[in-house]
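Hello,

Here is the structure I promised to pass on. Please open it first, then read my notes below.

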Protein chains: 2
Amino acid sequence: MATHITAGRGTRPLPDENPCVACEVREFAVCGALDPEELAQLSALMTQVMVEAQGTVLCEGDPATFLFNIVEGTIRVHKLLPDGRRQITGFLYPGDFLGLAVHDSYAYSAEAITDSRLCRFPRDDFYTLMRQMPRLEQRLLGMASNELIEAQDQILLLGRKTAQEKIASFFLMISRRAARRGQPENPIHLPMGRTDIADFLGLTTETVSRTFTQLKTSHVIRLLENSQVLLADQGALSSIAQGQ
Amino acid sequence: MATHITAGRGTRPLPDENPCVACEVREFAVCGALDPEELAQLSALMTQVMVEAQGTVLCEGDPATFLFNIVEGTIRVHKLLPDGRRQITGFLYPGDFLGLAVHDSYAYSAEAITDSRLCRFPRDDFYTLMRQMPRLEQRLLGMASNELIEAQDQILLLGRKTAQEKIASFFLMISRRAARRGQPENPIHLPMGRTDIADFLGLTTETVSRTFTQLKTSHVIRLLENSQVLLADQGALSSIAQGQ
DNA sequence: CCGGGCCGTTGACGTAGATCAAAGCGCTTC
DNA sequence: GAAGCGCTTTGATCTACGTCAACGGCCCGG
């Protein structure tokens, strides 16, 4: 039940230069709001952490001692019911923020799907710094508002969409998010397995698989090698996602 | 598609005294974080608005010109699919905040379930003021984080729980929220109809009704007059909510 | 006191998606 | 290159919940 982090590796003592200055995902992340001086203060708190594929980043119920920023890799966040049913509440990509907690323990678990690199901040120190940096706080509020909107979309999807509509919406979401990070939006890449997709969409692996083949057969998508998916007919995909 | 607000009524020119000082829900709301002077500044922006039962507070797609605070009544927030399928994303009670938007238009609609009174703030002015009041911003971030946690619970519920588990979780949530507002937590009050509950839990009216009678028959709840529900066996309710 | 909506409840039946089961298809390992 | 393992796909069947339909209680106006 403890957090298992491959800490240490990737950690370095910040030489003469602040590593955050050259960070490729900074503009998408919380840190994007800061000036060089503020960035230096923040990076002083930061430890880089590597988590290998299928490794645990944090566990539901553990004391919320750290906040994270994803730099490289894909993370899945989930909640479990006592009997083992799992709901994935989100997939996180570089630039995304992880670790918001209201009480002092995490309300969800997070695991790496691919080998990942994260920036880790002690929660207390981060909040203390935030009080002194209104822009940081504003940025975080903006990101939280965004997540709230996305959560509501997911609630609509889970409560009212059919399997086809869920899968189509999922493809479009992945595509949109890739575009936001400045990556190709059309052949999308799905680093997660069918079971992860199922647990994200409130379906089973079998239904996900069957729906993939339906969309494949109707030439809306094409499955390429390396878990890439070509969205062959984005118009059709959009209409399906919205329920025709 | 426009917002229909029974504005004007209830609006008054703030006499010698600041009405917020005596506000009963202030401690639960964003305003609870402020000192008297800040409160005065905030209340200068504020207009009180009445919305009668079934009236619209705001519409999905409308420009997000206002933020709201619920003072009295119950509000439902929902999203629609083009063919009319509805998902209620939340019920709001006194003290709750409404109107967070990332882009410049609302991503959801909001309607009054009972006659309601709200504090309304012009969005731009509110954000300007927020920049000058770190405590206000902190409070809002705290509330947004809270909502995010609740949204994830709802995602788990919608994606992985059975009808019984959904209904049991719903009762407990309503009870918990009543307690937070300092109201009796046990005979709970359900101002919303069966259809609202169904659209909140991703079910149909019929299934909601049937599940109510199942729980009634197994003596876990009792339906009282005035849409009150007695949680007769909270232990049983909790186990059901978690999947035994 | 009577008639007509509007909810909520109950019943009969249908179906989308779950479950159970097995086969295909890369991987890695030796 | 054979064996083995994990993941995906496909098929057959089952079921929780949706759909369709009818009924009953309650309120409200005449």
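One caution before you start: this is a predicted model.

I began with the DNA. The residues of the surface near DNA strand C divide into 8 polar, 4 nonpolar and 4 charged. Which helices supply them? At least two residues each come from α6 (205–217) of chain A, and from α5 (194–201) and α6 (205–217) of chain B. The most comes from α6(B), with 6 residues.

Next, the two protein chains. Chain A puts 35 residues into the contact, and chain B puts in 35 residues. On the side of chain A that touches chain B, β5 (86–92) and α3 (134–160) each supply at least two residues.

Last, a helix pair inside chain A. Look at α1 (residues 36–45) and α2 (residues 123–132). Their axes come within 10 Å and cross at roughly 165°. Angles over 145 degrees count as roughly antiparallel, so α1(A) is roughly antiparallel to α2(A). The crossing of these two helices is right-handed. From α1(A), the residues A:Q41, A:L42 and A:L45 take part; they meet A:D125, A:F126 and A:L129 of α2(A). This contact has 4 nonpolar residues, 1 polar and 1 charged.

Best wishes

Notes: Residues are numbered from 1 along each chain as its sequence is written. Chains are lettered from A and ligands numbered from 1 in the order in which they are written. This is a predicted model: local features need pLDDT of at least 70, side-chain atom pairs count only at pLDDT 80 or more; totals for chains, interfaces and linings use all residues. Helices (H or I, at least four residues) and strands (E, at least two) are DSSP runs, numbered from the N terminus. Ala, Val, Leu, Ile, Met, Phe, Trp, Tyr, Cys and Pro count as nonpolar, Asp, Glu, Lys and Arg as charged, and the others, Gly among them, as polar. Axes are lines fitted to C-alpha atoms, for helices over the stretch in contact, and angles run from 0 to 180 degrees between N-to-C directions. Angles under 35 degrees count as roughly parallel, over 145 as roughly antiparallel, 65 to 115 as roughly perpendicular and the rest as oblique. A crossing is left-handed if the near helix is turned anticlockwise from the far one by less than a right angle, and right-handed if clockwise. Two residues are in contact if their C-beta atoms, placed from the backbone, lie within 7 Å.
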